[in-house]
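This report covers one protein model, starting from a single residue and widening to the whole chain. Please keep the sequence and the 3D view open while reading.

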Amino acid sequence: MPSIFTRIINGEIPCYKIAEDEHFIAFLDVNPNAKGHTLCVPKLEIDRIFDMEEDHYLELMKFSRKVAKAIKKSISCKRVGVSIIGLEVPHVHVHLIPLNDMSEMTFQNKVSLSPEEMTALSLQIGSAL
């Protein structure tokens, strides 16, 4: 059964897309730790990040870096944190989280944004690429 991310990639589930290329997609996390919390996901469904081919892994990091720089330009924050956990969805994904406080990396404090705010935010970050 395809992961929720594969279903997003295939257009079966909508997302607030920020960026996309041939191999990767970036979209806002719908249960964000902070405003602008973004996921960078390879289009190839792979469960564990260190099972990726080295070149593909490095390209994911380059893609994530590009998106993180756009987030930093778009969201007022001290820095953009990076987390790769891999337990919640069996499909590699990089969390990019705008940070002003360490508590924003705990995945216990969530923020709530309306669909309109999410749409505007995805366009704002996407235009900063």
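## Methionine 118

Methionine 118 lies in helix α3, which covers residues 115-127; helices (H or I, at least four residues) and strands (E, at least two) are DSSP runs, numbered from the N terminus. The model is predicted: local features need pLDDT of at least 70, side-chain atom pairs count only at pLDDT 80 or more, and totals for chains, interfaces and linings use all residues. Residues are numbered from 1 along each chain as its sequence is written, and side-chain values use heavy atoms, with hydrogens and water left out.

Methionine 118 counts as buried because its relative accessibility is 5%; buried means under 20% relative accessible area, exposed over 50% and partly exposed in between, with a 1.4 Å probe and protein chains only. Neighbours within four places in sequence aside, methionine 118 has contacts with Tyr16, Leu28, Asp29, Val30 and Leu113, where contact means heavy atoms within 4.5 Å.

## Largest pocket

The largest pocket holds about 310 Å³ of space. Its lining comprises 19 residues, and those closest to the centre are Phe5, Asp29, Val30, Asn31 and Leu39. A pocket here is an open set of points on a 1 Å grid over the protein atoms alone, where a 1.4 Å probe fits, with protein on both sides within 12 Å along at least five of seven lines; lining residues have an atom within 4 Å of a point. Grid points are joined across faces, edges and corners, and the volume is the space filled by probe spheres set on the points.

Both α1 (4-9) and β2 (24-28) supply at least two lining residues, and α1 gives the most, with three. By class the lining has 13 nonpolar, three polar and three charged residues. Ala, Val, Leu, Ile, Met, Phe, Trp, Tyr, Cys and Pro count as nonpolar, Asp, Glu, Lys and Arg as charged, and the others, Gly among them, as polar.

## Overall fold

The protein has three helices and five strands, in the sequence order α-β-β-β-α-β-β-α. Of its 129 residues, 43% are buried. Among contacts between residues at least 6 apart in sequence, 58% join residues at least 24 apart.

The C-alpha trace spans about 35 × 30 × 30 Å along its principal axes.
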